[in-house]
Amino acid sequence: QASPLGRVMVANNLPRLDAASEYVKERGGTKALLNLVVVGHVDAGKSTLMGHLLFRLGQVSAKQMHKYEQESKKLGKQSFMYAWVLDETGEERARGITMDVAQSQFETESKSITLLDAPGHRDFIPNMIFGAAQADVALLVVDATTGEFETGFESGGQTREHALLVRSLGVSQLGVVVNKLDMVGWSRDRFNEISARLGAFLRQAGYKEQDVFYVPVSGLSGENLTISSEPKLTEWYSGPTLLQAIDKFRPPERALNRPVRFVISDIFKSVVGSSGCCLAGRLESGMIQTTDKLLVMPLNEVIQIKNIAINDNSTGSCFAGDQVVLTVSGADLSDVSLGSVLCDPSQPIKVTSRIQARVVIFNVDIPITKGYPVVIHYQSLSEAATITKLIAQIHKSTGEVIRKRPRCLTKQTSGLVEIEISRPICMELYKDYRELGRFMIRASGTTIAAGLVTSIM
Ligand code: GDP
């Protein structure tokens, strides 16, 4: 017999199931999930592009689109009608900029895409980061108009900055959308010039050539989003449409055959039956089946899974990447707190209050120095913490050490630091579990940096 901590299916002498093949059996043929962030200089046409794409894919009804058209006409801003699909509040509409990260879904042939729209305005960089920190892949939109590409690309423009930030947050696949090609008569030379200049920069920034693609489009006219019909473009371009190019992104692998990590984001009483308690959250890795016994960390107690529900439907098992509600029994759940993690009892998650992290500093006014008090936002937790050591300033994308033991880390730099958290929490290394190894750093109400856990002490 297995130890009381062993999974019940082991204790019952059932053969241990291979999560990857179980997944294929149950979910084979379902579309892979992909989080996409759209970045680029302000006015490059990000909102128009994605709004138009969503409309073409039937995510916005003709009736709704007509309403946006009428409203935008009334304000004399008809060129923004597609951008309105993504801009949620009236204030944003009146100002013609996107402030929040609006979320939308759409499907390609083989993938289900969650779109994290990012604003291009300088003031709102933290929102863009928020989107980028959740992204698997990114689209970088550039304006092909004469002089405009140059403005975005040269110093002060956000094209380079965004490409670097996205890369430093772990995104390695990038689609460059060469937009507004209608403004330059669908010029092949202009497309090639922009692709070449960006290509040289992106290679330097740590993107592999085979992980970057370039697509010519007009977000406003809709050319080459889902079909291409403009003779001046089809004359020289026969590559994929934007939708086809997005479809070719490699999806992140589900960490199926890894130890279970289930991060608890909500706790509530079970409505069916008097005993038991429900834990909502995301399964980051492994597979869970009903009757499994798992360890709650940092509590260090065993619970048993009674029921698994995805979107209110009971199911016998769930897999890495799923959002689920688990009904459990066992431990005194009044002791379980948000941010606790259910794990494979034989390989529990690390619990720590001291980490080393690679941090990307945003556009902050006050440089970060030793002893700087901050708040760590990690999963559903926010914890007081202190930056206790500045180990090095490092290159934004390659990670090479630029200076050891710097006195401070200024805006838009990257560094290696030591952080002391006010109490022990569950954490993993970024290289082992991407989602469990990254966090945001806030101070006086604004997000000042993003961090990736490089070492747990
Ligand atoms: P964002 O700041 O990057 O989200 O840019 P918007 O989508 O708000 O677009 C900025 C301006 O560029 C708006 O006036 C759009 O109508 C215009 N625009 C966007 N895409 C195109 C395009 O493909 N061609 C032309 N001619 N104008 C465009």
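Residues are numbered from 1 along each chain as its sequence is written, and side-chain values use heavy atoms, with hydrogens and water left out. Because the model is predicted, local features need pLDDT of at least 70 and side-chain atom pairs count only at pLDDT 80 or more, while totals for chains, interfaces and linings use all residues.

**Stop 1: the ligand**

Now zoom in on single atoms. A polar side-chain atom of Asp182 sits 2.9 Å from a nitrogen atom of the ligand. An N or O atom in the side chain of Asn179 is 3.3 Å from a ligand oxygen atom, and a backbone N or O atom of Ala44 is 3.3 Å from an oxygen atom of the ligand. The protein covers 89% of the 580 Å² of accessible area that the ligand has on its own (Shrake-Rupley method, 1.4 Å probe; for residues, only the protein chains shown count as cover).

**Stop 2: Glu428**

Next, pick Glu428, in the loop between β22 (414–427) and β23 (438–443). Glu428 counts as buried, at 1% relative accessibility; buried means under 20% relative accessible area, exposed over 50%, and partly exposed in between (1.4 Å probe, protein chains only). Its side chain makes a polar contact with the side chain of Arg261 (2.7 Å). A polar contact is a pair of N or O atoms within 3.5 Å; within protein, one must be able to donate a hydrogen and the other to accept it, and residues adjacent in sequence count only if both atoms are side-chain atoms.

**Stop 3: salt bridges**

The whole structure has 20 salt bridges, each a side-chain nitrogen of Lys or Arg within 4 Å of a carboxyl oxygen of Asp or Glu. Show Arg27 and Asp322, whose side chains meet at 2.8 Å, N to O. Arg27 is in helix α2 (residues 19–27) and Asp322 in the loop between β13 (317–319) and β14 (323–329), 295 residues apart. Both Arg27 and Asp322 are buried.

Then move to Glu383 and Arg423, another salt bridge, with the closest N and O atoms 2.8 Å apart. Glu383 lies in strand β19 (residues 381–394) and Arg423 in strand β22, so the pair ties together parts 40 residues apart in sequence. Glu383 is buried at 9% relative accessible area, whereas Arg423 is partly exposed at 35%.

**Stop 4: the backbone**

Finish with Met297 and Pro298, joined by a cis peptide bond with omega of about 5 degrees. Pro298 is in the loop between β10 (293–297) and β11 (301–310). Asp43 is exposed, with a relative accessible area of 53%. Trp186, also not a glycine, has a positive phi of about 55 degrees, and Trp186 is buried, at 8%.

Definitions and conventions:
Helix = DSSP H or I, 4+ residues; strand = E, 2+ residues; numbered from the N terminus.
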